[in-house]
Amino acid sequence: MIKAILIFNNHGKPRLIRFYQYFAEDMQQQIIRETFHLVSKRDDNVCNFLEGGSLIGGSDYKLIYRHYATLYFVFCVDSSESELGILDLIQLICFFLCVCVFVETLDKCFENVCELDLIFHMDKVHYILQEVVMGGMVLETNMNEIVAQVELQNRMEKSEGGLSAAPARAVSAVKNMNLPEIPRNINIGDINIKVPSLSPF
Amino acid sequence: MALKIVKGSIDRMFDKNLQDLVRGIRNHKEDEAKYISTCIDEIKQELKQDNIAVKANAVCKLTYLQMLGYDVSWAAFNIVEVMSSSKFTYKRIGYLAASQCFHEGTDVIMLTTNQIRKDLSSPHQYDTGVALTGLSCFVTPDLARDLANDIMTLMSHTKPYIRKKAVLIMYKVFLKYPESLRPAFPRLKEKLEDPDPGVQSAAVNVICELARRNPKNYLSLAPLFFKLMTSSTNNWVLIKIIKLFGALTPLEPRLGKKLIEPLTNLIHSTSAMSLLYECVNTVIAVLISLSSGMPNHSASIQLCVQKLRILIEDSDQNLKYLGLLAMSKILKTHPKSVQSHKDLILQCLDDKDESIRLRALDLLYGMVSKKNLMEIVKKLMLHVDKAEGTTYRDELLTKIIDICSQSNYQYITNFEWYISILVELTRLEGTRHGHLIASQMLDVAIRVKAIRGFAVAQMATLLDNAHLLTGNTQRNGICEVLYAAAWICGEFSEHLEDPMQTLEAMLRPKVATLPGHIQAVYVQNAAKLFATVLRKHEGETDSHAAQETSQLLIDRLPLFVQSANLEVQERASCILQLVKYIQKLQQKKVEVAEEVTALFAGELNPVAPKAQKKVPVPEGLDLDAWINKPPSESESEDEKPKAVFAKEEPKHSRSRHTEVDEKELARRREARKREQANNPFYIKASPSSQKVYDAPGVEHIPVVQIDLSVPLKVPGMPMSDQYLKLEEERRQKEKAERKKEKKKKREKRGKERKADSGPESEEDIAPAHQVDIVTEEMPEVSSCYFGVIKPTVHWFPVQKSSKHKKKKQKKEKEEKEKKKKKRHHHHHHHSNAGGEDSVQNGTVEEEEPLPPMSNYFLLAENSYIKMVYDIQGNHQDESKVVVSVIFENKSDSFLKSMEFNVLDSLNSKLQRPEGAGAHDSLTVPFQLPPGISNEAHFVFSVQSIVMPQKLKGTLTFIVKSDESSTHEKLDFKLHFTCTSYLITTPCYLYDAYAKLLESGDLKGSSLRLEGINMPFHHLLARICFHHHFSVVERIDSCASMYSRSIQGHHVCLLVKTTVSIDAKCDEPSLLGNVLDEIKQTFSKC
């Protein structure tokens, strides 16, 4: 089970939090602070596992994280999850974010995800995440499937006029784009993205 | 209406959306909280509007604020409103907000049931999907119960997108509403074989989670999973299944056997590291569960180790870390296969990643052997030097010590090496583990006898360079090492090359900056070193060096006497006084080394950790049963029951040992000795300890027939004296044997002697005759010293007294007596404890307190000074007794130049220093400030002890007040009762006692005490206390008691509750006098 997914920046400011177990708001903030304290001390060239997080779960739980540019992606998981699997998953999610949200930066490298994009589209990031992890369990790891579902839902929103029209154009950009080389660490699922045939807007 | 809508959309144009809010917060970095509170006010306004788009926008913003830590539960109802919107865009916002901030305590949740049900059955799959996703985060037991059926139906939905979400959410439903598991399970099992891989994966996910909670119930699914494992290509599913198998194999070993092959196939074929790693992990789990049953799986182990090596060699830190983690699991069951990769593990110690280094350290712990220990530790020592950051260095330090000391230093072949390692470790700066190093030093020095010489030399160097360790004083934990160093140097000081130098190092003024407990050890061990130095210089004609040492101590110790630490102060002042005293003796050229050394006699020896277990509990003894009634609260502090056990057990054990066949014992002992001799790693006990155990041998240890109702005890022996006791017994035994031989000779000479001794003793009895004459006539020269009493004597609480003497004095000084009694209190108090102790030894049941008893009796008193005294003998010297006199200054003036003199009789002589005249007086070795008392010891030599006698003496002193000083004189009479020649001698052997009585060597006599109405145990206690007897056995109405004179006469008493005493002794006149004295004691009660 995944207990929590935390995304915060190099200063510990939360950019997205998703707890799969209820904590009151102040407790959530404390967990974020402590987690930030733990991971920010670590060099980039050390391993990405931290054992025995005291706040969530206890000894059975570990923190698995990745650090991209200005953002930390932290998963708190129990022993039923494969460490390397979760690491791949983080990379996968990051990749979706690039595909579906951070259209502008996609041609750079997804290792340079722009924090600003994430801030302004928190709701969109949540919707993507919901297609990958549900209730603390991994729902889908098939890239095509995820991209397709996100796209379909966005299109539906679009057809309703949307709350704000901005993010929908993100996906439209994807179709003309060459996706970057998938790093060798992503060896989960069969990731061969065929960009779905997207309807023009 | 239409106008309202138009107005609403116009308003909307001015509303902030999420992006505006975020931008606004970023632009108000200084007053963020203030800005947000105005935003919240706006949001509250927006939520009041009817326009659902406005509300949805507001809720979306609230979701963002919730992430920043703001409580948005007040908007829960509005969230429900947005959730129930018919538009997907708003519904999605509402469900997202709900999933972020709803929980079981949110009361509006119960309003959502119907809305959620409606959404679940919506024709639009994304409405259903959004509802399922949201529900997965905030499902409550009520929702689970109400919606379980709807969700179960969705598990068979035509769209795989809905099916997989429905399957996954079932786990949450099971958790909240366990009753749903049974009806839903068959369908869930079906989904394991769903054509859609996503649904299949979800089903595997749910069942794996369920199985983790209760593996047994899911064993039956193993074949199905097995099939999935061999057919599936989805790595996520495979990983889940393989992990599940890892949890199931311990329950079903047969499963493990089947798994090995497909798992090894996967290991060979997969390119995914995550899958490879999980396969290896499960193979390890299988091998652990099979480790006993399966004969040969070295191939699988080899494969795992080989693959793990690839992981560890990878440049990816994560793989390296996990590889080491898995390696440590293999290490537990197959250490050999890991040991061959020692090089790799050692390489990891160089890794820049600390968590990897720590993992490698963990592995090293299990990899050491006798062969590679030194090499590994050497490598670690290099790392210690290089290590940055104290945490890692401390970790290294503890690991080095752990590695070396594991399983009783099993892998250490050279303890000199280990000591040097420990000494090297002390150079670490700022480590917290000083005490750890210290305890290792102590442990090794005590347990490895052969190393002591080396260790002492090293410790001496440490002490000498202590300033290097204590660089930053208190904060530095390393100074704990000095504790060990000082103790080792002191305790094993015989190995020191230059004890004087070490002593000097230990008394440097800088020492006073060390923590108190370390200073205390310094002071105590300085005394030990002092003893060693004295001993070393004893016998040299030039006593200069020894005196210099005393002077050094006298010069330096006052620094410690002033210490704020009580322990330091107490020890220092004791030792300072002792040294001053010794210095005086030195000046008189008295050889004191032996006595000083005796202060620290006895050697510490290792005791096997299981030693206590080897003491069998005697038959019929229930250690948990109360001997007395369970004590009430107030008695809970009473330590008596504890003392009873402590004293009893060892004796029982001895008695048990003898039940084993003697030959068998001898054989075992031989075997053990041989084994020990051949085993270089056996930490040998010191010879002295072997003396205690082996020299008398188990079969020689006297047997006590224990009657449990009457526990046999030694009066007042502290628990720790058991060894001493054994030793004593042995000595007695030897003595007794020697005596038997002597006895025969003596018997031959006996008659002649008696004739000779007759007139002598007659003279002794009447010293009064001689008083006048002898005051003028100086007695012969004889050697004298103020004897240092052996500490052991004090351990016997039953001490000498002679009440009858007091009585006589009473006649002479009736008036003074009254005052005196009041002042006696402190003595009374002291002796009371001892008295009760001896009662305890004799009897268990009584609890009545004993009246106070004193062992000191008044010698003489005037307005300036009071003297009380006590006479003690010991077995070591059959012709000497020590008279301890306490001088108390009652005046307001200073008393000095006290001179003590006694008119010797032919039988009893005060021992004077060599060269002094026979009538010279002895200087009391102290002065008395007002109100102070102090004790001096005088040694007397006695020849015959069968008669009591009195010696007349005088004390002269100078009273110095502000204006004047006057010479004063006080006469006294020292009464040597026959009792004072008796020594409390515990008699352990009832058999021996009985034999003694039967032997016929003893002459009998009896005594009847009239008008005694004290409890029987008080009576016994008094006899024990005042007359130095010990209870051998007590049965109901009578008790056997035993004592021995300093010249080895046995005195046996049978005391009956009718208050008659039957007595036997090999010397009738001694017995007669003792009985008289007993009678006098009780006539005064």
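A polar contact is a pair of N or O atoms within 3.5 Å, where within protein one atom must be able to donate a hydrogen and the other to accept it, and where residues adjacent in sequence count only if both atoms are side-chain atoms. I wrote that down before looking anything up in this predicted model, in which local features need pLDDT of at least 70, side-chain atom pairs count only at pLDDT 80 or more, and totals for chains, interfaces and linings use all residues. I also noted that residues are numbered from 1 along each chain as its sequence is written, that chains are lettered from A and ligands numbered from 1 in the order in which they are written, and that side-chain values use heavy atoms, with hydrogens and water left out.

**Entry 1: where chain A meets chain B**

I looked up the polar contacts between chain A and chain B and found 32 residue pairs, both residues being at pLDDT 80 or more. On the side of chain A that touches chain B, the elements that give two or more residues include strand E2 (14-19), helix H1 (25-40), helix H2 (83-100) and helix H5 (143-159) of chain A; helices (H or I, at least four residues) and strands (E, at least two) are DSSP runs, numbered from the N terminus. By class, that side of chain A has 26 nonpolar, 21 polar and 18 charged residues, where Ala, Val, Leu, Ile, Met, Phe, Trp, Tyr, Cys and Pro count as nonpolar, Asp, Glu, Lys and Arg as charged, and the others, Gly among them, as polar.

Counting contacts (heavy atoms within 4.5 Å), I found that 65 residues of chain A touch 73 residues of chain B. The size of an interface is often given as the accessible area lost when the parts come together. For chain A and chain B the buried area is about 6300 Å², and carbon and sulfur atoms give 56% of it; buried area here is the accessible area (1.4 Å probe) that two parts lose on being put together, summed over both.

**Entry 2: salt bridges**

The rule I used takes a salt bridge to be a side-chain nitrogen of Lys or Arg within 4 Å of a carboxyl oxygen of Asp or Glu. Across the interface of chain A and chain B this rule finds seven salt bridges, and one of the salt bridges I looked up joins A:Asp78 to B:Arg212, with the closest N and O atoms 3.1 Å apart.

A search of the whole structure gives 41 salt bridges over all chains. Within chain B, the side chains of B:Arg117 and B:Asp150 meet in a salt bridge at 3.4 Å, N to O. Because B:Arg117 lies in helix H7 (residues 113-120) and B:Asp150 in helix H9 (residues 141-154) of chain B, the pair ties together parts that are 33 residues apart in sequence. B:Arg117 is partly exposed at a relative accessible area of 30%, and B:Asp150 is partly exposed at 21%; buried means under 20% relative accessible area, exposed over 50%, and partly exposed in between (1.4 Å probe, protein chains only).

I then looked up B:Arg254 and B:Glu252, which form a salt bridge with the closest N and O atoms 3.1 Å apart. B:Arg254 is exposed, with a relative accessible area of 60%, whereas B:Glu252 is partly exposed at 21%. In the salt bridge of B:Arg508 with B:Glu504 the closest N and O atoms are 4.0 Å apart; B:Arg508 is partly exposed at 23%, and B:Glu504 is partly exposed at 30%. I also noted that salt bridges that share partners join B:Arg359, B:Asp362, B:Glu395 and B:Lys399 into one network.

**Entry 3: two loop residues of chain B**

I found B:Asp194 in the loop between helix H11 (181-191) and helix H12 (197-213) of chain B, where B:Asp194 is buried at a relative accessible area of 7%. The side chain of B:Asp194 makes a polar contact with the side chain of B:Arg163 at 3.0 Å. Leaving aside neighbours within four places in sequence, B:Asp194 is in contact with B:Arg163, B:Val199 and B:Gln200.

B:Asn51 sits in the loop between helix H3 (32-48) and helix H4 (52-67) of chain B and is partly exposed, at 23% relative accessibility. A polar atom of the side chain of B:Asn51 lies 2.8 Å from the backbone nitrogen of B:Ala53.

**Entry 4: positive phi**

I looked up B:Tyr409, which has a positive phi of about 60 degrees although it is not a glycine. B:Tyr409 belongs to helix H23 (residues 390-409) of chain B and is buried, at 4% relative accessibility.
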